[in-house]
Every structure is written in structure tokens, then in C-alpha cells.
Amino acid sequence: MIRAVIVDVDDTLCMTEAASFVLENEVLAAMGRPPMSRELHLATWGDPLLEAMPRRSPGIDLQEFGPLFQTAMERHVADGLLDVIPPENLDALDALIESDRSVLLLTSRAESEIRHMLEPGHAIAGRVSGAYHRGNTRYGKPDPRAFDELLAHTGLSPAQCVYVGDSPGDAVAAGGAGLAFIACLQSGVRRLEDFDSRHVTASIGAFPEVVPVVERLSRTRG
């Protein structure tokens, strides 16, 4: 049966794309650079930030961008404009934990972009038993080896896990690693047709739907 639910962060646990678009354009303005279009942001959404920014703003100085982004991100988080996890999503995590399942995070974010969510006192910190990001994994999604450290550290088998994410790359990584995958379509950024059906075990329209879906998958896979 499924013993662990692994959750992506952006546009899965919290809706991030629109807020990130505003944040990144604010930093570009501070650098005296023209804003990117929403279409370009959407086209590169899901890529690691520092890999995406040269496409979003060609010629950008990443050494200048990095510290400015970190400062602006911290301000947006403090103002409740970024990484806001809805109460119903926290309730869903609690329900998963109460069903004797572990909750872990696996994200393409850098460590500096996820650190604030793991600090004591944050709503998510006491609910997850591990967080895996570009700072503590050797490979990133869509490479199936993105799960290597998580599986090694927890001792779980792929059959005991399900990954919940919002991107086709999430599905490819999970499927290649032998995990069940639940596509979360809540953000509206992607449609089910965007995914390779071979890697999608189930889909949900909103994150709280993950609770009954995991229960069903646990019965059918067990």
C-alpha cells in the first residue's frame, strides 16, 4: 500500500506561477530591465529559476539577479504574497498523516527558495518528514533519478510512494522511477492533455482531492 505521499510545491501545494511572475518582473524593474511577458513566463514555468531567467530576460546578469530576487522573495513571503498554503491544503496534509502516511516534498527549487518553508513555526514544517530540492539531490526532474536520495534516505520502495505534481516533467520523473503519479490541475496552467497518459495514474482538480484518491490507489495497488 502507499506509505508516503510526495508533494511538489509550486502550483500543487500552493499556487505560485502568477505570484512569481509579479515577483520576477519586480526584480527585473529594479535592475532596469524590461518586463517579461506572461506567455514567456508560462512557457518556461517549471524550469529551475536560474536556468529559466536567461530565457525570460536574455542577457540578464544572474550574479546581480540572485541577491535582488532573494531579498524581494523574502519581502513577498512576509507580506503574504508568495507561498501561501490554503487552509484546506493543510487539512489535506493532516488527513494524509492521520492515515499513517508520511508527507515529503520534492521540488525543483533551490535550497534558498524553499528554506523559509522548512523553518520551525512554518505551517508546513511540522507536517513534512523530509524535503528534497536542488541543494540535496544530484538530479532534477524530469530525470527519474530525482527520487534517488528520497528513496535511499527513507528506505521506501517506489511502489510505496505516490508523487503529486502539476507538470509533465513531474509525471515523467515519477513514472520513470516507478512511482504512481497524481496530476494536480488546480492552477489551470496545464491541462490533462499536456501529460503523457502513460505516466499519469490519476488526476485531481484541487489539492484536497488527493486524500480520497490516495486511499483508492492504496487499495488498488495493495
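How many aromatic pairs does the count come to? The count comes to four, where rings of Phe, Tyr and Trp (its six-membered ring) pair if their centres lie within 6.5 Å, and planes under 30 degrees apart count as stacked, over 60 as edge-to-face and the rest as tilted. The model is predicted, so local features need pLDDT of at least 70 and side-chain atom pairs pLDDT 80 or more, while totals for chains, interfaces and linings use all residues. Residues are numbered from 1 along each chain as its sequence is written, and side-chain values use heavy atoms, without hydrogens or water.

One of these pairs joins F147 and Y163 edge-to-face, with 5.2 Å from centre to centre and 85 degrees between the planes. Distant parts of the chain are linked here: F147 belongs to the loop between strand 3 (130-132) and helix 7 (148-154), and Y163 to strand 4, 16 residues apart. Helices (H or I, at least four residues) and strands (E, at least two) are DSSP runs, numbered from the N terminus. F147 counts as buried because its relative accessibility is 0%, and Y163 likewise counts as buried at 0%. Buried means under 20% relative accessible area, exposed over 50%, and partly exposed in between (1.4 Å probe, protein chains only).

The pair of F181 and F195 is tilted, because the ring centres are 6.2 Å apart and the planes stand at 35 degrees. F181 sits in strand 5 and F195 in the loop between strand 5 and strand 6, 14 residues apart, so this pair also links distant parts of the chain. Both F181 and F195 are buried. Through ring pairs, F147, Y163, F181 and F195 form a cluster.

Attention now turns to the nonpolar cores. A nonpolar core is a set of buried Ala, Val, Leu, Ile, Met, Phe, Trp, Tyr and Cys residues joined through side-chain atoms within 4.5 Å. The largest one has 31 residues, and I182 and V210 have the most contacts inside it. Among the elements that give two or more residues to this core are strand 1 (4-7), helix 5 (87-98) and helix 9 (210-221). Helix 9 gives the most, with five residues. Beyond its neighbours within four places in sequence, I182 is in contact (heavy atoms within 4.5 Å) with residues including Y163, I204, V210 and L217. Another core lies apart from the largest one; its 20 residues include L156, Y163, A171 and A174.

Charges over rings complete the picture. The charged end of R145 sits over the ring of Y139, 3.8 Å from its centre, and R38 lies over the face of F21, 5.6 Å from the ring centre. A charge sits over a ring if NZ of Lys or CZ of Arg is within 6 Å of the ring centre and within 35 degrees of the ring normal.
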